[in-house]
Amino acid sequence: MVLHLRGTVVLDDEREVGEAWVVDGRITFERPPSAPDAVLEGWILPGLVDVHCHIGLASDGPVDDGTAEKQALEDRDSGVLLVRDAGSPADTGWVHERDDLPRLIRAGRHLARPKRYLRHYGRELESVEDLPDAVREEAARGDGWVKLVADWIDRDLGADGDLRPLWPADVLADAVAAAHAAGARVTAHTFATESLDALLDAGVDCLEHATGATPDQIDRIAAAGIPVTATLLQIAQFEAIAAQGSRYPLFAARMRGLHAHRYELVRDLHDAGVPVLVGTDAGGTIAHGRIADEAAELVRAGLPARDVVGAASWRTRAWLGVPGIAEGESADVVVFGADPRAEIGVLAAPTAVVLRGAVVAGR
């Protein structure tokens, strides 16, 4: 199969070319001697990246392999050809064997405490002192990432229940160091202001949500060059979560405040120079295949469409160490009928999705 990619082939923020070819599943910029089997024309981008996604997870916990396959196909058909798993109780290593499914970078199970996270989602550690050893084990099971739950509501406080950190600062620092020694990076779920300084002191590599970040903490995040996955589709649910938490008025009030502040926070992160990543938080309560909706929310918050598209494609691929459109690399590309950098809604309608050199979806 030889494909001719023609139009605007976007390589990165600075480079575009007018055409490229796919030969034996790989990108080349040299015209092959044989005529192409098909011509794909339009705006061609490196495959999209959902950097916070949970293949193998549903609202009540792990799913069977057939359901996980459907989730992965929904992501693929939306143009997402690279997924960084952000924690899954299911073993999804089998996805690596499937040429028709997106590339998957797994983080193993969420690491949490008993009654301090969603039931059936995480690996619950009885003692905080177990965290460094658990991090080493999850690093060995995953693909270079470990996921920590840094804060959650503490219902043991009764009516004073609110978001509270799960780990002492010294244990957290030891755990991040253990991951780094094992060659893994660490990302952390955090809603609360109170968790962020310890995470930054520990040298965490990425932050998920980071809804509680203060201006001073945003400056620290920017200075450290730590990306934040905004997950605005998830944060949009905070008002409904607050309504369900009437027994915990402090928690409910905090969640409403974080919801109201969500767009301002994302703008402040971007304006400070923090890389804002595109992640849907699919799995759990968010449907798969919604990368375009998450991107549109980021633009609605005030981020330039050009930056959002770059974060949803070539920028995050480079950060994760996965090539985009380059000579000899796997042909994982998405074709659009117009430029999504000019109109973000275009991301919702790919005309062709090419994975490992095969056209797997599109109109």
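1. Val9 stands opposite Ile44 in strand E4. Strand E1 (residues 2–10) and strand E4 (residues 38–46) run parallel and are joined by 7 bridges. Two strands are taken as paired if DSSP finds at least two bridges between them. Helices (H or I, at least four residues) and strands (E, at least two) are DSSP runs, numbered from the N terminus.

2. On the basis of these remarks: the model is predicted, so that local features need pLDDT of at least 70 and side-chain atom pairs count only at pLDDT 80 or more, while totals for chains, interfaces and linings use all residues. Residues are numbered from 1 along each chain as its sequence is written, and side-chain values use heavy atoms, with hydrogens and water left out.

3. Overall form. The protein has 12 helices and 21 strands. Its C-alpha trace spans about 70 × 40 × 35 Å along the principal axes. A compact globule of 363 residues would have a radius of gyration near 21 Å, and the protein, with 21 Å, agrees with this. The radius is taken over C-alpha atoms, and the globule rule is 2.2 Å times the number of residues to the power 0.38.

4. The sheet that holds E1 and E4. This open sheet is formed by 7 strands in the order E3-E2-E1-E4-E19-E20-E21, with mixed pairing. Strand E3 (26–28) and strand E21 (358–361) stand at the edges with a single partner strand each, so one side of each is left without a neighbour in the sheet. On average, neighbouring strands of this sheet are turned by 40° against each other, direction ignored. Axes are lines fitted to C-alpha atoms, for helices over the stretch in contact, and angles run from 0 to 180 degrees between N-to-C directions.

5. A helix on this sheet. Helix H1 (residues 65–77) lies across strand E20 (350–355) and E21, and runs at about 120° to E20. Contact here means heavy atoms within 4.5 Å.

6. A further sheet. In the order E5-E8-E9, 3 strands form an open sheet with parallel pairing. Strand E5 (48–53) and strand E9 (103–105) are the edge strands, each pairing on one side only. Neighbouring strands of this sheet are turned by 20° against each other on average, direction ignored. E5 is joined to strand E8 (residues 80–85) by 4 bridges, and Val49 has Leu82 in E8 as its bridge partner.

7. The largest pocket. Its volume is about 700 Å³. Among the 31 residues that line this pocket, Leu118, Trp152, Gln234, Ile241 and Thr285 are the closest to its centre. Strand E13 (151–153), helix H7 (238–244) and helix H8 (249–260) are the elements that give two or more residues to the lining; the largest share, 4 residues, comes from H7. The lining divides into 14 nonpolar, 13 polar and 4 charged residues. Ala, Val, Leu, Ile, Met, Phe, Trp, Tyr, Cys and Pro count as nonpolar, Asp, Glu, Lys and Arg as charged, and the others, Gly among them, as polar.

8. Pocket and cavity terms. On a 1 Å grid over the protein atoms alone, a cavity is a set of points where a 1.4 Å probe fits but cannot get out, whereas a pocket is an open set with protein on both sides within 12 Å along at least five of seven lines; lining residues have an atom within 4 Å of a point. Grid points are joined across faces, edges and corners, and a volume is the space filled by probe spheres set on the points.

9. The cavity. The structure holds 1 cavity of 30 Å³ or more, and the largest cavity has a volume of about 40 Å³. His209, Thr211, Ala230, Leu232, Ile235, Arg262, Leu265 and Val266 line the largest cavity. Helix H6 (232–235) and helix H9 (262–272) are the elements that give two or more residues to this lining, and H9 provides the largest share, 3 residues.
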